[in-house]
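Below is a short briefing on one protein chain.

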Amino acid sequence: MNPPRSFRTERLLVRKPDDADAPDIFAYATDPEVSRFLPWTPHRNIEETRGFLKRCHEVWKDATAYPYVIRHHAAEAVIGMLEFRPQAHKVELGYVLSRPYWGQGLMTEALRPVVAWLQTQPQVYRIWAYHDVANLGSGGVLRKLGLRHEGRLGRYFQPAAASEPRDCEMYAWTRDPS
């Protein structure tokens with residue numbers, strides 16, 4: 001897989017992360033509401049964010065995942081991230097967005113060209129994502145992208161902030177059989 005380094009939309013630039021993005025990422029990564037349903041806890045210091053960016057560079061290099069920052073044109077700042085993780089014939093999506101930008105359609109806008117590109121890749125037969133049952137906004141994003149709801153997964157994922165695994169909703173796009 002050889003993904004583009006960037007995607008452009010009307011309001012956003014979705015691009016490969018750079019070390020200079022650390023302050024913007026740190027600004028939203030410290031918010032416990034932002035990480036509430038995610039596998040990581042809020043960042044405590046900028047060094048933690050720099051370590052995360054090092055991981056971003058490593059996974060791009062070894063082609064195990066492709067993280068992208070989401071830069072808002074008007075704000076002139078990184079406001080979130082998305083990532084896709086190829087696994088043989090399928091690709092998992094993950095994403096996070098700074099709280100002041102929730103409810104504006106920005107994550108759908110950021111993911112739309114990524115999903116469209118993935119759908120053109122001949123080796124991709126399934127694009128999937130899940131979200132915590134309480135994260136209703138995330139379900140809206142996945143439906144707007146055209147992913148189909150496949151069902152609820154009991155006790156599927158334990159966010160870092162949770163004391164036990166939680167139920168999740170699964171969504172996917174699948175390539176029609178030839």
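Helix α4 spans residues 136-144, and its buried residues are Ser 138, Gly 139, Gly 140, Val 141 and Leu 142. Buried means under 20% relative accessible area, exposed means over 50%, and partly exposed lies in between (1.4 Å probe, protein chains only). This is a predicted model, in which local features need pLDDT of at least 70, side-chain atom pairs count only at pLDDT 80 or more, and totals for chains, interfaces and linings use all residues. Residues are numbered from 1 along each chain as its sequence is written, and side-chain values use heavy atoms, with hydrogens and water left out.

**Around α4**
- The cover over the buried residues of α4 includes β5 (90-97), α3 (106-119), β6 (126-132) and β8 (166-174).
- Contact here means heavy atoms within 4.5 Å.

**Gln 119**
- Gln 119 is in helix α3, and with a relative accessible area of 26% it is partly exposed.
- Leaving aside residues up to four places away in sequence, Gln 119 touches Ile 127, Trp 173 and Arg 175.
- Between Gln 119 and Trp 173 there are 54 residues of sequence separation, and the C-alpha to C-alpha distance is 8.7 Å.

**Cysteines**
- The structure has 0 disulfides, a disulfide being a pair of cysteine sulfur atoms within 2.5 Å.
- Cys 56 is buried at a relative accessible area of 0%, and Cys 168 is buried at 1%.

**Overall fold**
- The protein chain contains 4 helices and 8 strands, in the sequence order β-β-α-α-β-β-β-α-β-α-β-β.
- The radius of gyration is 16 Å, close to the 16 Å that the globule rule gives for 178 residues, so the chain is as compact as a globular protein of that length.
- That radius is taken over C-alpha atoms, and the rule is 2.2 Å times the number of residues to the power 0.38.
- Helices (H or I, at least four residues) and strands (E, at least two) are DSSP runs, numbered from the N terminus.
- Along the principal axes, the C-alpha atoms fill a box of roughly 50 × 35 × 30 Å.
- Of the 178 residues, 47% count as buried.
- Among contacts between residues at least 6 apart in sequence, 62% join residues at least 24 apart.

**Surface**
- The accessible surface of the protein chain is about 9200 Å², and 50% of that belongs to carbon and sulfur atoms.
- Accessible areas come from the Shrake-Rupley method with a 1.4 Å probe; for residues, only the protein chains shown count as cover.
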